[in-house]
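Subject: Structure handover

Hello,

Please find the structure below. My notes on it follow, with the cut-offs given where each term comes up.

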Amino acid sequence: MGERIEYRDGRWVVPNHPIIPFIEGDGTGPDIWRAARRVFDAVVEQVSRGTRRIDWLEVLAGEKAFKQVGNWLPDATLDAIRTHRVAIKGPLTTPVGGGIRSLNVTLRQVLDLYACIRPVRYFEGVPSPMREPQKLDVVIFRENIEDVYSGIEYRAGSSEADAVIGFLTERFGAKIRPGSAIGIKPMSKFGSQRLVAKAIEYALRAGRRSVTLVHKGNIMKFTEGGFREWGYEIARERFGEKTIPEADAGTGKGDGGRVVMKDRITDAMFAQLVLRPDEYSVIAAPNLNGDLLSDAAAAQVGGLGLAPGGNVGDGYAVFEATHGTAPKYAGQDKVNPGSVILSGAMMFEELGWNDVATAITRGLGGAIRARRVTYDLARLLPGATEVSTSAFAECIIEHV
Ligand code: NAD
């Protein structure tokens, strides 16, 4: 019998047989989930010599939920994730035609999953547009709740937009073209600091050398500029002994093993990741910057096909593949399970099972180096053998 994962004093308390809810996903979801679960169970068993085991708990969402219980996102699913705190999901169909809650948005709001975490690293052998893709190895912490993504937006010509324009014009003399659409960009000290703190805590835990705040504070002085200022402030006040600002680290004093706090303007950061990727390690960014940067960085190491993701709050976390359902290959045992498998590795790392996380990543790297890969990679890799989703999973296990 499995036990619940708990969260006490800011730490996960993970039993040897944790219950972890999973959402299989739509389209190719069942194919990749079957393969991923096989890898997770085999690696946990092998690494812990049988002392640890996951008690997987299926929860419904998407098409399967709609077919079985007539609801795309049953309350029972949200309750189970809230109870068990950590979950993993495959991709879900976004039904066209509105009126349906998006699982990701709902989970993010209900569980306050304020950090979207996207590790980006290179796997030897994967075709990349860069000459030295292996130099990029970053973990991006993107604020998930605030900024222009908070959903406060008014259509051009609407009474709401006109009222906001009227207010800003009359009260503050703002110059806004009449009839404009309006979006609001709220960014708080609270929201910014808890995100930056999470990034710093991760850097300390994972032995990473720096945290870079990415902002457009030269133009948006109070929102993005605030992010920068509040980020440095929390580093100084809460992690003063363990961090050092880049300006001080460069004065010959050395960083003394401390995490170096840097900041970069967003546009410069895009250039830096291409030109000097090895100078960056952990990145903390507001919502929009982080969104753009995550996919651009993933493209540098060979695309989104292998990119994992996690949405993490305080005491709750949901991990997922970053791709969609690839419906035309559903049921064919054909697509690449790598993204969900690496999301699982992230989940185990978050829970402190670093041995499992490392072994999964090692196995995946080995399978790619052996060039026994699914069709998406096989067609790009010279001399590769195309294997099925399930055979790729076996190959990963062999290379652990
Ligand atoms: P998609 O990611 O499903 O497909 C884009 C392309 O990538 C396709 O050519 C597909 O065959 C390929 N692809 C995707 N995953 C792959 C894998 N694991 N291995 C090999 N090839 C893979 O995106 P889409 O076609 O825009 O969306 C399809 C459905 O997925 C839509 O309903 C969309 O709303 C949904 N979606 C869900 C999520 C999510 O749940 N996180 C994310 C994106 C899209």
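Arg49 is found in the loop between helix H1 (29-47) and strand S4; helices (H or I, at least four residues) and strands (E, at least two) are DSSP runs, numbered from the N terminus. This is a predicted model, in which local features need pLDDT of at least 70 and side-chain atom pairs count only at pLDDT 80 or more, while totals for chains, interfaces and linings use all residues. Residues are numbered from 1 along each chain as its sequence is written, and side-chain values use heavy atoms, with hydrogens and water left out.

Backbone and exposure

The phi of Arg49 is near 50 degrees, which is a positive value in a residue other than glycine. Arg49 has 76% relative accessibility and counts as exposed (buried means under 20% relative accessible area, exposed over 50%, partly exposed in between, with a 1.4 Å probe and protein chains only). Asp147 is not a glycine either, and has a positive phi of about 70 degrees. It is found in the loop between S7 and strand S8 (153-154). Asp147 counts as buried, at 1% relative accessibility.

The sheet

An open sheet is formed by 11 strands in the order S4-S3-S5-S15-S14-S6-S7-S13-S10-S12-S11, with mixed pairing; two strands pair if DSSP finds at least two bridges between them. Strand S4 (55-58) and strand S11 (243-245) each have a single partner strand and stand at the edges, so one side of each is left without a neighbour in the sheet. On average, neighbouring strands of this sheet are turned by 25 degrees against each other, direction ignored. Axes here are lines fitted to C-alpha atoms, for helices over the stretch in contact, and angles run from 0 to 180 degrees between N-to-C directions.

Pro21 has Leu57 as its bridge partner in S4. Helix H9 (residues 266-275) packs on the sheet and touches strand S7 (137-143), strand S10 (210-215), strand S12 (259-265) and strand S13 (282-285); contact means heavy atoms within 4.5 Å. The direction of H9 makes about 115 degrees with that of S12.

S12 is mostly covered, with six of its seven residues buried. Six bridges join S12 to S10, and the two run parallel; the partner of His215 in S12 is Ile265. S12 also pairs with S11 in the parallel sense, over three bridges, and Pro245 stands opposite Met261 in S12.

Aromatic rings

There are 12 aromatic pairs (rings of Phe, Tyr and Trp, the last by its six-membered ring, pair if their centres lie within 6.5 Å; planes under 30 degrees apart count as stacked, over 60 as edge-to-face and the rest as tilted). The ring centres of Phe167 and Phe172 are 5.9 Å apart and their planes are at 90 degrees, so this pair is edge-to-face. Phe167 is partly exposed at 43%, and Phe172 is exposed at 55%.

Tyr329 and Tyr375 form a tilted pair, 5.0 Å centre to centre with 55 degrees between the planes. This pair links distant parts of the chain, 46 residues apart: Tyr329 is in the loop between strand S15 (317-321) and helix H11 (338-350), and Tyr375 is in helix H13 (residues 375-378). Both Tyr329 and Tyr375 are buried.

One aromatic cluster is formed by Phe22, Trp33, Phe40, Trp56, Phe348 and Trp353. Arg52 lies over the face of Trp353, 4.7 Å from the ring centre (a charge sits over a ring if NZ of Lys or CZ of Arg is within 6 Å of the ring centre and within 35 degrees of the ring normal). Arg121 lies over the face of Phe123, at 4.1 Å from the ring centre.

Regards
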